[in-house]
Amino acid sequence: MPDLRTFIAVNVSPTKPLVHILGRLADLGRPIRTVKGDHLHLTLQFRGPTDPAEVPAIEAAIRDAVTAADARPFDLPLQGLGAFPNDHRPNVIWVGCPDPGPLPQIVSHLPPPNTQPQDAIPQARNWQPHLTLARIKRRPGKPAGTPRGLIDLLSAHRQTVFGSARINSIILFASELRPDGPEYTALATLGLPSPQTP
């Protein structure tokens, strides 16, 4: 069986403000490609090519990371529209997560792909929690400009609150790239344990 293209993430249910801003981005036309509402997620770690035989070990590693972080279900606030690498040369349009709860601790305990677990902490320091809403698809040879209207949209929603998402689980996904956009398959779902009642 060929390698899978995998990543670890949390699902984010689309709020009404998120649906609205996705529509505004789509209205800007090409080369902006928005993420489908049912595909919204916050990536904790991109693992890349993965042997299917490794899935049980990765699932166990996620479980260990959740336990080490003592993570419980929580509400993830979503606020502020931005772009990577910047507004004038955008490749990715995102919504920020000003309080990611236990997610940084979970990320810090995830072993990186194909490296030793002790290398996880430097990787976690570079992790920037964000929810990708759209990507800018450019044709080869075309200048890296900004689609008309995007800078104004980014400026207008720099501090906009887009609601919050209830996070109950961590998921290992496989991603299959298709002409009409990626398709995601959940390979393993690790629920965050509810707080024990005294």
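Gln45 is found in strand β3, which covers residues 41-50. In this predicted model, Gln45 is buried, with a relative accessible area of 4%. A polar atom of the Gln45 side chain lies 3.4 Å from the backbone oxygen of Pro111.

**Overall fold**
- The protein contains five helices and nine strands.
- Along the sequence, these elements follow the pattern β-α-β-β-α-β-β-α-α-β-α-β-β-β.
- Of the 198 residues of the protein, 41% count as buried.

**Salt bridges**
- Side chains of opposite charge can pair when their charged atoms come close.
- Six salt bridges are found in the whole structure.
- One of them joins Asp75 and Arg166, whose closest N and O atoms are 3.4 Å apart. Asp75 lies in strand β4 (residues 74-84) and Arg166 in strand β7 (residues 161-167), so this pair ties together parts that are 91 residues apart in sequence.
- Asp75 is partly exposed at 46% relative accessibility, and Arg166 is partly exposed at 47%.
- Another salt bridge joins Arg158 and Asp87, with the closest N and O atoms 2.5 Å apart. Arg158 is in the loop between α5 and β7, and Asp87 is in the loop between β4 and β5, so the pair links distant parts of the chain, 71 residues apart.
- Arg158 is partly exposed, with a relative accessible area of 33%, whereas Asp87 counts as buried at 17%.
- Arg178 and Glu176 also form a salt bridge, with the closest N and O atoms 3.3 Å apart.

**Surface charge**
- Arg5, Arg30, Arg33, Arg135 and Lys137 gather in a surface patch of positive charge.
- Arg5 lies in strand β1 (residues 4-11) and is partly exposed, with a relative accessible area of 35%.

Conventions:
Residues are numbered from 1 along each chain as its sequence is written. This is a predicted model: local features need pLDDT of at least 70, side-chain atom pairs count only at pLDDT 80 or more; totals for chains, interfaces and linings use all residues. Side-chain values use heavy atoms; hydrogens and water are left out. Patches are made of residues with over 30% relative accessible area and no salt bridge: like charges are joined within 9 Å, nonpolar side chains (Val, Leu, Ile, Met, Phe, Trp, Tyr) within 5 Å. Accessible areas come from the Shrake-Rupley method with a 1.4 Å probe; for residues, only the protein chains shown count as cover. A salt bridge is a side-chain nitrogen of Lys or Arg within 4 Å of a carboxyl oxygen of Asp or Glu. Lys and Arg count as positive and Asp and Glu as negative; His and the chain ends are not counted. The place of a charge is taken as NZ of Lys, CZ of Arg, CG of Asp or CD of Glu. Helices (H or I, at least four residues) and strands (E, at least two) are DSSP runs, numbered from the N terminus. Buried means under 20% relative accessible area, exposed over 50%, partly exposed in between (1.4 Å probe, protein chains only). A polar contact is a pair of N or O atoms within 3.5 Å; within protein, one must be able to donate a hydrogen and the other to accept it, and residues adjacent in sequence count only if both atoms are side-chain atoms.
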